[in-house]
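Hi everyone, thanks for making time. I'd like to walk you through one model today, so please have a look at it on the screen.

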Amino acid sequence: MRVRSPRNRLALPLYSGTGGPNDPLAQIPHAAQLVAILAHPNGWRRDMAQQLLILKQDKSVVPALQQMARSSGGNLLARFHAMWTLEGLGALDADLLRAL
């Protein structure tokens, strides 16, 4: 619904965060799905998945990220994203770096 304001500008409704069916935050994939997206061929998707994982601060994905960092089927970009995501979650340890 658009309404004209006194200065003749369009006034758009603000996000209310009610969690309805069109809630953009409800459309974010589960953290395990975001880990899989780190191996996607599209760089924008990889970047967004990494950002969302770090923003969520969900530590349940740390084992999957560690596994991806160790060996991701030859996908070097997925390994880098996994390592930087671990760094963003505060879960990157020296033992993992030595193993690489």
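Let's start at Lys-56, which touches Ile-28, Pro-29, His-30, Ala-31 and Leu-34 once you set aside residues within four places in sequence. Keep in mind, please, that this is a predicted model. Lys-56 sits in helix H2. Is Lys-56 buried or partly exposed? Its relative accessible area is 37%, so Lys-56 counts as partly exposed. Now look across to Leu-89: 33 residues separate Lys-56 from Leu-89 in sequence, and their C-alpha atoms are 9.2 Å apart.

Staying in helix H2, let's move to Gln-50. Here the relative accessibility is 14%, and because buried means under 20%, Gln-50 counts as buried. Beyond its neighbours within four places in sequence, Gln-50 contacts Leu-38, His-81, Trp-84 and Thr-85.

That last partner deserves a stop of its own. Thr-85 belongs to helix H4, and with 0% relative accessibility it is buried. Leaving out residues up to four places away in sequence, Thr-85 is in contact with Leu-38, Gln-50, Leu-53, Ile-54 and Leu-65.

Next, the helix pair. Two packed helices are described by the angle between their axes and by the distance between those axes. For H3, residues 62-70, and H4, residues 76-89, the axes come within 8 Å and cross at roughly 145 degrees. The crossing is left-handed. On the H3 side, the contact is made by Val-62, Leu-65, Gln-66, Met-68, Ala-69 and Arg-70, while H4 brings Ala-78, Arg-79, Ala-82, Met-83, Thr-85, Leu-86 and Leu-89. Sorted by class, that contact has nine nonpolar, two polar and two charged residues.

Let me pick out Leu-86 from that group. Apart from its neighbours within four places in sequence, Leu-86 contacts Val-62, Leu-65, Gln-66, Ala-91, Leu-92 and Leu-96.

Leu-86 also takes us to the largest nonpolar core, which has 18 residues. The members that touch the most other members are Val-35, Leu-38, Leu-53, Val-61, Leu-65, Met-68 and Leu-86. At least two residues of this core come from each of H1 (31-37), H2 (43-56), H3 and H4. Which helix gives the largest share? It is H4, with five residues.

That's my tour, and I'm happy to go back to any part of it.

Definitions and conventions
Residues numbered from 1 in each chain as written. Predicted model: local features only at pLDDT ≥ 70, side-chain atom pairs only at ≥ 80, totals over all residues. Heavy atoms only, no water. Axes fitted to C-alpha atoms, helices over the stretch in contact; angles between N-to-C directions. Helix = DSSP H or I, 4+ residues; strand = E, 2+ residues; numbered from the N terminus. Left-handed = near helix turned anticlockwise from the far one by under 90°. Contact = heavy atoms within 4.5 Å. Nonpolar A, V, L, I, M, F, W, Y, C, P; charged D, E, K, R; others polar. Core = buried A, V, L, I, M, F, W, Y, C linked by side-chain atoms within 4.5 Å. Buried < 20%, exposed > 50% of the residue type's maximum accessible area, 1.4 Å probe, protein only.
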